[in-house]
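The tour starts at the ligand and then moves to one of the helices beside it.

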Amino acid sequence: MRELGIGLIGTGFMGRAHALAFNNARAVFELPVTLKLAALADADTERAQRCATAWGFAQAHGDWQALINDPKVDVVAITTPNHLHYPMAMAAIAAGKAVYCEKPLAVSLQQADAMRRAASDAGVVTRVGYNYQHNPMITLARQMIANGELGEIISFQGEFSEDFMADPASPWSWRCEVEHAGGALADLGSHLLSMARYLVGDVVSVCADTQTVHAQRPAIKGSNDLKPIAVDDQVHALLRFANGARGTVSSSWLKHGYKNHLSFEISGTKGTLAFDQERLNELRVCRVGQDGFQRLLAGPALPGYAAFSPAAGHQLGYNELKTLEVQELIMALAGQGADGTDFEAAWAVERLATAIRVAAKEERWVQVDAV
Ligand SMILES: NC(=O)c1ccc[n+]([C@@H]2O[C@H](COP(=O)([O-])OP(=O)(O)OC[C@H]3O[C@@H](n4cnc5c(N)ncnc54)[C@H](O)[C@@H]3O)[C@@H](O)[C@H]2O)c1
């Protein structure tokens with residue numbers, strides 16, 4: 001069986017999630033290739049070595065370029081802050097390697113455009129970490145929409161809010177820098193925009209408002225030294241979809257009480273679907289004529305769920321979604337599947353996010369294909 005060498009850059013929140021997902025994918029699925037955890041890189045060399053040992057990677061590097069140059073690495077997984085996605089992905093593509101990059105794809109539309117073009121020219125497989133779309137309940141929602149169970153789709157109302165920046169004393173981080181990240185819209189909103197496109201389709205025009213609520217934050221935890229903040233803390237937008245549906249999206253990282261509130265309601269002429277990532281094993285549906293919502297619970301009738309558990313109601317979690325994402329990446333690399341968000345689709349998310357920023361700045365409706 002063909003071997004695929006995995007190289008992972010970054011050992012933070014997502015580095016660990018990717019390492020778990022690669023390990024779990026080998027255990028859960030009968031993959032058409034053998035996965036070898038070839039190399040792990042982090043700017044912190046000592047941590048790279050420690051995590052490589054703990055997570056089962058054969059080699060550790062302090063320099064990410066060395067990982068990309070490593071002939072044992074076929075797939076480069078990028079889990080570093082957003083501004084590093086571009087140089088790392090471009091170097092991996094230039095070396096002819098597949099790229100599995102965390103979201104958002106880049107910190108500017110120009111970078112995202114160069115990345116999708118380079119990947120297309122090189123003919124390498126790419127995937128981006130829009131993991132929430134791999135939930136079997138989202139697959140079910142997409143099927144129900146495609147089968148016409150909701151009738152003609154007329155509305156998408158989505159929100160992705162968390163509260164991890166709600167305390168004004170929460171310190172500055174790379175997520176607070178325009179050049180390194182891009183605020184709540186880039187961090188959380190990009191997932192919601194990708195989900196809206198996945199379920200309802202292209203968006204043609206937007207009107208929006210963004211706001212920085214806390215314009216200064218401590219440089220480090222507990223410090224009186226304050227850094228200015230220019231990225232958005234919250235965003236609200238109106239959408240018009242190509243299929244005629246209308247929508248709203250909002251995102252905030254200041255919203256007390258919410259920890260992973262990626263939620264939406266999709267209404268059609270025959271019914272409504274509702275989902276909340278904080279209850280990711282559930283979908284609520286109301287069909288015309290019903291007096292209220294019916295709760296559908298994930299179970300082994302859904303293949304993505306059955307891979308992990310033969311029993312209904314035992315529930316999948318965040319790391320299982322990441323494992324399903326890795327499975328789709330591997331199937332694409334084996335030439336056996338085309339599911340998942342590639343650089344082309346992730347560029348379209350960046351274009352939509354950019355249109356929202358332009359609309360907010362210029363206080364007008366913006367055509368998405370004009371940005
Ligand atoms: N898909 C999701 O659900 C999800 C969730 C959280 C974060 N993310 C994305 O994952 C990425 C990382 O976020 P995170 O929360 O894991 O960040 P993090 O700060 O926890 O980890 C970043 C890692 O990158 C490493 N790093 C930084 N500079 C480096 C360099 N020059 N060379 C090698 N390693 C370097 C750091 O040492 C750290 O290990 C971001 O793009 C973020 O948007 C995605």
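Select the residues around the ligand in this predicted model. There are 28 of them, and M14, D42, N82, N131 and Y318 come nearest. Colour the shell by residue type: 12 are nonpolar, 10 polar and six charged.

Next, show the backbone atoms of G12, M14 and A43. A backbone N or O atom of G12 is 3.1 Å from a ligand oxygen, and one of M14 is 2.8 Å from an oxygen atom of the ligand. At A43, a polar backbone atom lies 3.2 Å from a nitrogen atom of the ligand. Switch to a surface view here: the ligand taken alone exposes 850 Å², and the protein buries 82% of that.

Now colour by domain. Where does the ligand lie relative to domain 1 (3-131) and domain 2 (133-313 + 341-367)? The ligand lies between them, because both domains give residues to its shell.

Switch to cartoon and pick out the helices α1 (13-28), α4 (85-94), α7 (183-200) and α9 (318-333). Each supplies at least two residues of the shell around the ligand.

Stay with α4 and show its side chains. H85, M88, A89, A91, A92 and I93 are buried. An α-helix has 3.6 residues a turn, so residues three or four places apart point the same way. To see what the buried residues of α4 pack against, select the strands β1 (3-9), β4 (75-78) and β5 (98-101), along with the helices α3 (64-69), α5 (109-122) and α10 (343-362).

Finally, step just past the end of α4 to G96, which takes a positive phi of about 75°.

Note on methods. Residues numbered from 1 in each chain as written. Predicted model: local features only at pLDDT ≥ 70, side-chain atom pairs only at ≥ 80, totals over all residues. Heavy atoms only, no water. Near = heavy atom within 4 Å. Polar contact = N/O pair within 3.5 Å; in protein donor to acceptor, adjacent residues only side chain to side chain. Areas by Shrake-Rupley, 256 points an atom, 1.4 Å probe, with all protein chains shown as cover. Helix = DSSP H or I, 4+ residues; strand = E, 2+ residues; numbered from the N terminus. Nonpolar A, V, L, I, M, F, W, Y, C, P; charged D, E, K, R; others polar. Domains from an automatic or database assignment. Buried < 20%, exposed > 50% of the residue type's maximum accessible area, 1.4 Å probe, protein only. Contact = heavy atoms within 4.5 Å.
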